[in-house]
Amino acid sequence: MNENTATVKSWHEDLADELNQDYMQSLLAFLSAEKAASTIYPDENQYFSALKSTPFHKVKVVLLGQDPYHGEGQAHGLSFSVKPGVKVPPSLVNMYKELETDLGIPPATHGYLEQWAEQGVLLLNSVLTVEAGKAGSHQNKGWEAFTDKIIALINEQHQGVVFMLWGAYAQKKGKEIDRDKHCVLETVHPSPLSAYRGFFGCQHFSKANHYLSEQGKTPIQWALNPIELAETGQVELPF
């Protein structure tokens with residue numbers, strides 16, 4: 001589907017009913033209890049930042065992460081991205097290294113990926129919240145079913161989307177994606193523990209743009225412009 005003729009459709013049209021499902025009600029109750037007892041990241045009004053920043057009809061690329069960063073001040077609702085002023089995390093450092101090798105783009109001075117999201121890169125974590133200091137603490141509480149629904153909607157209702165599935169977790173979550181309709185790029189995770197086993201040299205950024213061009217879509221401008229702290233704002237719910 002050419003991006004200029006894509007149907008303008010919001011996430012809310014297909015996900016509103018999902019919020020009323022039993023699993024989501026259980027998840028919301030869990031989150032309410034967790035907030036009363038501990039610190040949760042990201043802030044509540046940023047749980048759905050990925051959907052807010054990348055409207056349904058604009059999705060060109062899906063970059064799937066696992067769960068938010070669990071350090072103070074890092075997570076803001078976009079996978080792999082951190083708030084301005086926060087040190088660029090190791091996995092994102094490796095992503096920048098691959099960008100430089102692949103497309104000659106020097107590493108950005110920050111880790112705030114909102115500019116990618118605004119171009120149609122859905123920066124989606126499988127799990128949208130985490131307890132401070134406890135990686136993976138909100139897995140298997142219901143978020144996975146919600147994000148599975150998001151992936152299914154893109155798979156079914158879009159044509160020619162690039163799915164970047166890095167690591168076994170993302171690849172398992174994306175196993176139902178129709179490879180005849182979409183471009184699925186798979187390699188190891190960019191974590192320092194695995195990046196040297198195939199992430200470096202994968203050329204996923206250039207491959208994504210080549211595919212988008214073949215689909216009649218505008219390629220992603222992966223180079224990130226410098227930002228001012230004032231550019232960052234709070235997202236509003238619903239998405």
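Modeller: Happy to! Contact here means heavy atoms within 4.5 Å. Please keep in mind that this is a predicted model.

Let's start with Q115, which has its place in helix α5 (residues 114-118). With a relative accessible area of 17%, Q115 is buried, because buried means under 20%. Leaving out residues up to four places away in sequence, Q115 touches H110, A223, L224, N225, P226 and I227. Take A223 from that list: Q115 and A223 lie 108 residues apart in sequence, yet their C-alpha atoms are 8.9 Å apart in space. As for N225, the side chain of Q115 reaches its backbone nitrogen at 2.8 Å.

Now for the wider setting, beginning with the nonpolar interior. In soluble globular proteins, nonpolar side chains tend to be buried together. In this model, the largest nonpolar core has 62 residues, and W116, L122, W143, I154 and W222 have the most contacts inside it. Helix α6 (residues 143-157) gives the largest share of this core, six residues. Beyond its neighbours within four places in sequence, W143 is in contact with residues including M24, L27, Y47, F48 and H138.

Finally, a helix pair: α4 (residues 90-103) and α8 (residues 204-214) pack at about 60°, with axes 8 Å apart, and are therefore oblique to each other. On the α4 side, M95, E98, L99, D102 and L103 meet H204, F205 and S206 of α8. The residues of this contact divide into four nonpolar, two polar and two charged.

Notes
Residues are numbered from 1 along each chain as its sequence is written. This is a predicted model: local features need pLDDT of at least 70, side-chain atom pairs count only at pLDDT 80 or more; totals for chains, interfaces and linings use all residues. Side-chain values use heavy atoms; hydrogens and water are left out. Axes are lines fitted to C-alpha atoms, for helices over the stretch in contact, and angles run from 0 to 180 degrees between N-to-C directions. Helices (H or I, at least four residues) and strands (E, at least two) are DSSP runs, numbered from the N terminus. Angles under 35 degrees count as roughly parallel, over 145 as roughly antiparallel, 65 to 115 as roughly perpendicular and the rest as oblique. Ala, Val, Leu, Ile, Met, Phe, Trp, Tyr, Cys and Pro count as nonpolar, Asp, Glu, Lys and Arg as charged, and the others, Gly among them, as polar. A nonpolar core is a set of buried Ala, Val, Leu, Ile, Met, Phe, Trp, Tyr and Cys residues joined through side-chain atoms within 4.5 Å. Buried means under 20% relative accessible area, exposed over 50%, partly exposed in between (1.4 Å probe, protein chains only). A polar contact is a pair of N or O atoms within 3.5 Å; within protein, one must be able to donate a hydrogen and the other to accept it, and residues adjacent in sequence count only if both atoms are side-chain atoms.
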